[in-house]
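Thank you all for coming.

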Amino acid sequence: DEALLPGAQPVRTFVSGRGANAKEENVYRRSDVVKCMSAESWHKEGRRPKPGEQPLKRVPIRAVTLLRQREVDEVERETGERPLQGLYARYQTEWIIPPPIVNGVIPKNEYGNIDCFVPSMVPKGAVHIPYGGTARICKKLGIDYAEAVVGFEFGSKMAVPVIQGVVVAEENGGLVLDAWRAEQRAKREKERLQKEKQILQTWRKFIMGLRIMQRVQAEYGMDGDAETHNPFARPAQPSRAAQSRSQEHDEESDPDQNEVDQGGGFLLPGEDDDDDHNLIVEHHDKNQSFKA
């Protein structure tokens, strides 16, 4: 998408490749190289090629959407060659200044809206109101309008226009804004009433639960202090220190656990019968043939 300015002269040359593949290349100044875009891309910048301007270069069309790809494929089947598109530099373009509106009628494109990529694309005598819901208000008031396209979003091989508000005549702009503000106030009031309704429903549920709890306590006589008992709170779990103290208290209060087990006539674990061991050693000394 870059091209050389007409009349650009090389400042030096260099040889690329070796042997039979050696080729002499020209070197140009960076200021002689300009960026170019197609007429469609310049339109999204709010500009268009000047009358009589010829493109600096032509390149194959890059199809971004499925619809454009189908058009390119159809032309290629008919002609046998891939279609080309011209690229223009910025100095070859000019700002798009649409004609002024007449009798409050907003001009529309083939899709029924108006392109407003930059402020200069708004026709003289019209105003752009970039607020959502203004198209519905214009329909209610019977005002001529056109939805404003401010850009495109590309995804899934499709170009989706980004619509932001409407374009109406200047004499109708104040009327549309007043109606939009009134609608916004009514919307906020409706949201406030809805939130208030939800809050009252929550309090009603909470109070009904308290009444049910009090009636159950009065009829069935629940244990504990009814004033301090909170049925909506999870019962508190004792801490580890409290559990440890409780376990120590249970061990101290149980006398059976503090008594020493005498083993019931048998040897306790870890205790040795020294007397029997000594007898075995003495017997071994007297009789060398004894095997322990």
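Predicted model: local features only at pLDDT ≥ 70, side-chain atom pairs only at ≥ 80, totals over all residues.

Glycine 125, if we set aside its neighbours within four places in sequence, is in contact with Ile101, Ala169 and Glu170, where contact means heavy atoms within 4.5 Å. Residues are numbered from 1 along each chain as its sequence is written, and side-chain values use heavy atoms, with hydrogens and water left out.

Glycine 125 sits in the loop between β9 and β10, and here helices (H or I, at least four residues) and strands (E, at least two) are DSSP runs numbered from the N terminus. Its relative accessible area is 24%, so glycine 125 is partly exposed; buried means under 20%, exposed over 50%, and partly exposed in between, with a 1.4 Å probe and protein chains only. Valine 102 is 23 residues away from glycine 125 in sequence, with 8.3 Å from C-alpha to C-alpha.

Most residues other than glycine have a negative phi, yet asparagine 103, which is not a glycine, has a positive phi of about 60°. With a relative accessibility of 77%, asparagine 103 counts as exposed.

Arginine 12 belongs to strand β2 (residues 12-16) and, at 60% relative accessibility, is likewise classed as exposed. Leaving aside neighbours within four places in sequence, arginine 12 is in contact with Glu25, Asn26 and Val27, and its C-alpha atom is 9.5 Å from that of arginine 29, 17 residues apart along the chain.

Let me step back to the chain as a whole. The protein chain has seven helices and 12 strands, and 20% of its 292 residues count as buried. Of the contacts between residues at least 6 apart in sequence, 64% join residues at least 24 apart. The accessible surface, from the Shrake-Rupley method with a 1.4 Å probe and, for residues, only the protein chains shown counting as cover, comes to about 22800 Å², and 51% of this belongs to carbon and sulfur atoms.

Now to the aromatic rings, where a pair is described by the distance of the centres and the angle of the planes. Rings of Phe, Tyr and Trp (its six-membered ring) pair if their centres lie within 6.5 Å, and planes under 30 degrees apart count as stacked, over 60 as edge-to-face and the rest as tilted. The structure holds four aromatic pairs. For tyrosine 131 and tryptophan 180, the ring centres are 4.4 Å apart and the planes meet at 15°, so this pair is stacked. The pair links distant parts of the chain, 49 residues apart, with tyrosine 131 in the loop between β10 (126-129) and α3 (134-141) and tryptophan 180 in helix α4 (residues 170-220). Tryptophan 203 and phenylalanine 206 make an edge-to-face pair, at 5.9 Å centre to centre and 85° between the planes. Why are these two separated by about one helical turn? Because tryptophan 203 and phenylalanine 206 are three residues apart in helix α4. Finally, Phe117, Phe152 and Phe154 form one aromatic cluster.

On a 1 Å grid over the protein atoms alone, a pocket is an open set of points where a 1.4 Å probe fits, with protein on both sides within 12 Å along at least five of seven lines, and lining residues have an atom within 4 Å of a point. Grid points are joined across faces, edges and corners, and a volume is the space filled by probe spheres set on the points. The largest pocket has a volume of about 1200 Å³ and is lined by 36 residues, of which Glu40, Lys44, Arg68, Phe154 and Ala159 lie nearest its centre. Its lining divides into 18 nonpolar, seven polar and 11 charged residues, where Ala, Val, Leu, Ile, Met, Phe, Trp, Tyr, Cys and Pro count as nonpolar, Asp, Glu, Lys and Arg as charged, and the others, Gly among them, as polar. The second largest pocket, with a volume of about 210 Å³, is lined by 14 residues, and β9 gives the most to this lining, with three residues.
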